[in-house]
Amino acid sequence: MNIYDISKQANVSIATVSRVLNGSTKVRPATRKKVLDVIQSNNYTPNAFARSLGLNSMQTAGIMCADSSDIYLAQAIYYLERELRQNSYTSMLCCTGYQLEKRQHYLQLLLSRNVDAIFFVGSNFIEEIEEHNNYLYYAAQKVPVFILNGHLSGKNIYSILCDDYATSFDLTEHILHTGSRHPLYFHRTLSYSGKGKREGFRDAYLKHGITDNHIYSCTGNLDEAKQLLTYLNQEKHIAFDSIITSDDELAIAAVKYALAHHRAIPDDIQIAGYNNSLLSRCCTPELTTADNRVEFMCVTAVSLMMQLFKGKEIPSKTTFSGNIVPRQTTKFQK
């Protein structure tokens with residue numbers, strides 16, 4: 001039995017059967033009961049592909065992220081899946097890594113599964129070379145594209161992101177107002193989000209007339225980040241009284257460095273992270289961090305998708321402010 005047989009037995013249209021199968025409220029109770037009675041009497045189990053014939057929709061969204069083991073990306077995936085599920089959508093997750101060819105491959109895979117929309121989680125999906133973004137423009141020709149924590153202009157592309165520049169500027173200013181005059185900035189990559197964080201830090205210390213500052217990149221693990229800080233201080237003789245980082249993991253490496261070298265936190269050195277991840281509350285002392293409100297971002301993204309599917313106009317770019325979360329690694333309070 002299929003939905004065509006059900007429509008004949010219930011004497012309703014195929015579209016009505018599809019609406020009943022997908023829980024639509026646009027069906028009269030008597031009609032709904034008639035369709036459900038036919039389904040129950042025939043022990044019919046709806047097939048996702050069969051349902052899509054009536055609705056032209058698989059009720060499925062694709063999610064692409066670089067690395068689901070990343071604590072920030074894992075959070076985003078959780079919130080996206082939760083919101084999609086609450087709106088009767090299933091999700092297909094693809095962990096692409098950071099190579100363009102892999103991203104293009106997984107994009108084609110999702111499109112071949114007839115997903116209704118694709119969420120790209122993280123600004124790393126936006127390439128500096130414009131032509132390398134063609135895969136995103138191509139996807140947007142097929143389905144709505146939602147980019148979380150990054151921005152790309154284009155038809156059918158919708159960006160939802162935290163103002164990382166303003167949040168990083170605010171965080172740096174809080175630390176400088178406590179008397180820090182030798183800040184150091186520690187970051188991983190210069191993605192769209194990464195550039196905003198770095199520029200926020202730079203403009204804050206320039207506003208305060210500080211020229212003794214340092215910006216360094218570290219793509220390694222906790223131990224490697226800690227070793228780099230030790231090298232900068234012990235071998236390069238670079239002095240710093242505060243460390244501001246692009247993510248909480250790097251900030252914890254800074255805490256480990258400070259404890260290993262008997263530098264009092266926060267009296268001798270202040271440390272701040274970014275993302276307000278679980279890591280920020282697990283370390284000792286607990287970490288001051290910036291909350292880029294990942295849950296709010298994901299809830300907003302799915303809400304915009306649902307509004308779009310209802311025929312409403314939605315903004316191509318939605319920007320919100322981050323929050324500073326003071327804890328024990330800095331001198332300033334709430």
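The model is predicted, so local features need pLDDT of at least 70 and side-chain atom pairs count only at pLDDT 80 or more, while totals for chains, interfaces and linings use all residues. Residues are numbered from 1 along each chain as its sequence is written, and side-chain values use heavy atoms, with hydrogens and water left out.

**Aromatic rings**

- A pair of aromatic rings is described by the distance of the centres and the angle of the planes.
- Rings of Phe, Tyr and Trp (its six-membered ring) pair here if their centres lie within 6.5 Å; planes under 30 degrees apart are stacked, over 60 edge-to-face, and the rest tilted.
- By this rule there are eleven aromatic pairs.
- One of them joins F120 and F125 edge-to-face, at 5.4 Å centre to centre and with 70° between the planes.
- Both F120 and F125 are buried (under 20% relative accessible area; exposed is over 50% and partly exposed in between, with a 1.4 Å probe and protein chains only).
- F201 and Y205 also form an edge-to-face pair, 5.2 Å centre to centre with 70° between the planes.
- Because F201 and Y205 are four residues apart in helix 9 (residues 192-207), about one helical turn separates them; helices (H or I, at least four residues) and strands (E, at least two) are DSSP runs, numbered from the N terminus.
- F201 and Y205 are buried as well.
- F119, F146 and Y158 make up one aromatic cluster.

**A charge over a ring**

- R293 has its charged end over the ring of F296, 4.4 Å from the ring centre (the rule asks for NZ of Lys or CZ of Arg within 6 Å of the ring centre and within 35 degrees of the ring normal).

**D247**

- You will find D247 in the loop between strand 8 (242-245) and helix 11 (248-260).
- D247 is buried, with a relative accessible area of 11%.
- Leaving out residues up to four places away in sequence, D247 touches R188, G273, Y274 and N275 (contact means heavy atoms within 4.5 Å).
- A polar atom of the D247 side chain lies 2.9 Å from the backbone nitrogen of L250.

**S180**

- S180 sits in the loop between helix 8 (164-176) and strand 6 (183-187).
- Its relative accessibility is 3%, so S180 counts as buried.
- The S180 side chain makes polar contacts with the side chain of D241 at 2.7 Å and with the side chain of S242 at 2.8 Å.
- A polar contact is a pair of N or O atoms within 3.5 Å; within protein, one must be able to donate a hydrogen and the other to accept it, and residues adjacent in sequence count only if both atoms are side-chain atoms.
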